[in-house]
Amino acid sequence: MNRLNTLVIGGGMITKQVILPVLAQEKRKGKISSITVASRRKETIQQLKDIFPQENLKGYPEKNDEQPDAWKIALKNLEKPGLVIIATPDDLHAEMCLEAIEYGFDVIVQKPLCLKTEDAKQILNSSREKGCYVFTDLHKRHDLALRALQYKYTRGEMGEVLCCHAWHEQRRDIPLKYFKNWCERSSPLEYLGTHYIDMFYFVTGLKPEKVIAKGQKKLLKSLGYDAFDACQAFINWENGAVEYLQTSWILPEENPCLSNQGFQMTCTQGEFRADNANRNSNFSTTKNGYELFNPYFFKPYIDWDNPEIDMYLGYGADSIIQAIDDCIRILNETSGLKEKQALEKRKQLLSEFEKTRPLPNQAIISVSVIEAGKMSMIKDGKPVIIDDDFFLHYE
Ligand SMILES: NC(=O)c1ccc[n+]([C@@H]2O[C@H](COP(=O)([O-])OP(=O)(O)OC[C@H]3O[C@@H](n4cnc5c(N)ncnc54)[C@H](O)[C@@H]3O)[C@@H](O)[C@H]2O)c1
C-alpha cells in the first residue's frame, strides 16, 4: 500500500486531542509513513513529542525563538507523497492551504476552510487546476445521529424543508484559555456556526441566499477581549426555508460538557430533533464531577487486539480517516502513471469526490454564510445577499 508523509501545521488543542491520536493510529495500520508538526514555538513541538513518544515526531521550528513562518520550511522539506493538515487559527487557513496546493500536496483543513469567500474561490480553482485533494474536516457529517437525517431527507421521507433551529454553545474557557490569542479574530458564528450551516447544506443540498446576523459583546469585553460573546444568524436558503442559528462561547465553566448543541428541522412531511450533547450516557466522578458524555465524537476505548493501547473511535476520527483513505486511493490509482495521465486521473477522482465530500466546492457554502453573517453583525443586522457566484453584498 502507498503511505503518506504527513505535516500538521499548528500544535494546539485539536492537534493534541484529535489529529495526532488519529495519525498515530493510522500509522500503526500502515497508511502513514511519517508525522511532522510545524507550530510557532519549539517548546510546543517538545510538548507533543513528550505526549506521543512512540511516534518519532519531527518538528519545526528547530530553534527556540518564536517563528511564525516555520511552517513554510516544513512545507518545503515535506517529501512526496505528502498530506498537509492545517490546524491553525481560522484566519490563517487560506494562505497555508494555497501554499500547500502550490507544492502539489493534498490537504485536510480544520473547519472552516477559510473566512473569506474570495479565498475559498481561489482554493477551489487552484486545487482543481493542480489536481489537489482539499478536504475540510466538517466531522458532523459523520455523526450517525445527523447523517440519518440526510438519509431520510434524500430518500424523500421528510418532504421539503421549511425551517430549522440549530444551537451550538461552548464553555468560556474556549475564548479565555484556548483561543485567547485569536478570539478577537473569530466569533462564535465563524468558529462554531460553520458546523450547523454545513449540516443544513449536507442534508438538503440547498444554497444560501441571504443572511441577517446579530452579535453581543458584553462578558468578554468586560474581561478585556474585544470579541463577541454570542451570535444569532437568520439564514435564508434558496427554496425559502429559514435556518435560525444560535451560537455562543461564554457558558459557565461548570457546564457539564464542553458544547451544548443540537439540530431541529421542520419539513413538509416530518420533523427531526436531535440533542447532540446529551447522548444519555453520563459520568459522575471525583476527578471530573458530573459530565454529559458524548461517546460518539472522539473517545478512547480499549483496543480489541492490544488491551494496553487506547483505541480512539468516533466521528471526529472518521472524518479525518475518510480524507486519508481518499488520498491513499488517489495514490494507488495514479502510481505508475506518467505525469500527465496521473494529473488527468487525479482530476477525474476529484470530480467524483466533489459530489459527496466537503471539498472546496461544498465547503464554500459555509464560508459564504459565516462571511455574510460577520458582515451583517458588524452592521447591526443589515441583510447580506449571497449571489449565484458567491459574491456578497449588502441588500
Ligand atoms: N474539527 C474540530 O472539532 C475542531 C475543534 C476545534 C478547533 N477546530 C479548528 O481547528 C483549528 C485550530 O484550533 P485549535 O483548537 O487547535 O486552536 P489552538 O489555538 O489551540 O491551536 C492553534 C495552533 O496554531 C498555532 N499557530 C498559530 N499561528 C501559527 C503559525 N503562523 N504557524 C504555525 N502554527 C501557528 C498556535 O501556536 C497553536 O499551536 C481552528 O481552525 C479551529 O476552528 C476544529
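The following legends describe close-up views of a predicted model.

Local features of this predicted model require pLDDT of at least 70 and side-chain atom pairs count only at pLDDT 80 or more, whereas totals for chains, interfaces and linings use all residues. Residues are numbered from 1 along each chain as its sequence is written.

**View 1. Surroundings of the ligand.** The ligand is surrounded by 25 residues, a residue being counted as near if its C-beta atom, placed from the backbone, lies within 6 Å of the molecule. Gly10, Gly12, Met13, Ile14 and Gln110 are the closest. Helix α1 (residues 13–28) provides the largest share of the shell, three residues; helices (H or I, at least four residues) and strands (E, at least two) are DSSP runs, numbered from the N terminus.

**View 2. Composition of the ligand shell.** The shell comprises 12 nonpolar, nine polar and four charged residues. Ala, Val, Leu, Ile, Met, Phe, Trp, Tyr, Cys and Pro count as nonpolar, Asp, Glu, Lys and Arg as charged, and the others, Gly among them, as polar.

**View 3. Position of the ligand relative to the domains.** The protein is divided into domain 1 (4–138 + 307–359) and domain 2 (141–305 + 367–394), with bounds from an automatic or database domain assignment. The ligand lies between the two domains because both give residues to its shell.

**View 4. Contact between the domains.** The C-alpha centres of domain 1 and domain 2 lie 24 Å apart. Their contact takes 28 residues from domain 1 and 26 residues from domain 2, two residues being in contact if their C-beta atoms, placed from the backbone, lie within 7 Å. On the domain 1 side, α1, α5 (117–130), β16 (310–313) and α11 (315–334) each supply at least two residues, and α11 gives the most, with five residues. This side of domain 1 divides into 17 nonpolar, four polar and seven charged residues.
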